[in-house]
Amino acid sequence: MSPTVFANLRPSTLTRTTRYVLVALCATTILLSIFNFTHNHYANGGSLLGLSEDLGSPVFTDWHTPDDGRRRANATLLMLARNSELDSAAASVRELEDKFNREFRYPWVFLNEVPFSAEFQERMKGLVSGPVHFGVIPARHWYQPDWIDEEKATQGRNQLVEADIIYGGSVSYRNMCRFNSGFFYKHPFLQNYRWYWRVEPDVHFYCAVDEDPFLYMEDNDKHYGFTITPYEFEKTIKTLWNATKEFIEENPHLVAPNNSLGYLSDDGGQTYNLCHFWSNFEIADMEFWRGEAYSAYFDHLDAKGGFYYERWGDAPVHSIAASLFLRKDQIHFFDEIGYAHSPFTHCPHGKGVRQLKQCTCNPWINFDYQGYSCMRQWERIHRHK
């Protein structure tokens, strides 16, 4: 209630009932002002859902689909980011908007384990061309479960620190890997969608994406798409393959015919060769993650505790699952999408493609056929139909 409203009221003419109403309204105004000051998301979100945000419930804004007659897939662009990553997140968003989404206008979903700041939200709203949603990850999906043996987990972290493994001592990194492996597609905001394109802060897009990759996946029975395929650090996943073999022995019916086992293993599945799709870029079908095979597989892995006792990443977990539970023709290599996440870069192979897509990447730094890349293993299994 504004001061001008108060000025127009003469105290001498107020009835007792009116005074009670004014007192109540003033108290409400004061309480809301305090709440807005201490809860920026409620002040800026404009949604009553914001009241429960600190408890893990999401907040959304601008929930609509552009009504321009264009055919779109049921898809979203997805970023997991922290408030402290604002500048690098904004740079990634700007590049993908310029190269792709300015034309296609797909929505964005931003997720964080804590509420996004008003500054973060305003910056992203100014960059995106489609609807935008800002959500908080439920605590039960993010933090280390109570049943994890912390003494054993600490010992595992210390061993990786001694081995100088990146993020070897980080619990938050493990939280992220577990969340991306088994929970992101369960978030309330993502329940509305089938397809997603994962985008991370501080990545780069080098080529015009003038064809809709979501519709390509949908129309061609593809369920997982990637651009970069490296080897994993063996010390971070020492027991992952044994856990996988145990699951397969118990659930042989879930393995797809004509799968990509030959990409994962050089000896028929006895050992894992550490090849995986780098999941900081993935365009994929969340119905696959929500399906019977992957749900059972993740539950099996999660019960082992390897996300915390070792440092199982979502990249090998996703890659093993896609390679075993999908046919190999249902996985797609997006050669035409130039992409970089330090230290690796994918630049389209053909000069004609690079010219057609107006790529700005240097093909001489293309990671695809360098020694640490698994692209040859991927191509090998496709030479044998």
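Guide: The accessible surface of the chain comes to about 18,000 Å², with 53% of that area belonging to carbon and sulfur atoms; such areas come from the Shrake-Rupley method with a 1.4 Å probe, and for residues only the protein chains shown count as cover. This is a predicted model, in which local features need pLDDT of at least 70 and side-chain atom pairs count only at pLDDT 80 or more, while totals for chains, interfaces and linings use all residues. Residues are numbered from 1 along each chain as its sequence is written, and side-chain values use heavy atoms, with hydrogens and water left out.

The chain has 17 helices and eleven strands (DSSP runs of H or I with at least four residues, and of E with at least two, numbered from the N terminus). Of its 385 residues, 53% are buried, that is, under 20% relative accessible area with a 1.4 Å probe and protein chains only.

A search of the whole structure finds 45 aromatic pairs, meaning rings of Phe, Tyr and Trp (its six-membered ring) with centres within 6.5 Å. One of them joins F247 and F325: the ring centres are 6.1 Å apart and the planes stand at 70°, so the pair is edge-to-face, the class for angles over 60 degrees. Because F247 belongs to helix α10 (residues 240-250) and F325 to helix α15 (residues 314-325), the pair ties together parts that are 78 residues apart in sequence. F247 is buried at 2% relative accessibility, and F325 is buried as well, with a relative accessible area of 9%.

How values were computed. Buried < 20%, exposed > 50% of the residue type's maximum accessible area, 1.4 Å probe, protein only. Phe/Tyr/Trp six-rings, centres within 6.5 Å; stacked < 30°, edge-to-face > 60°.
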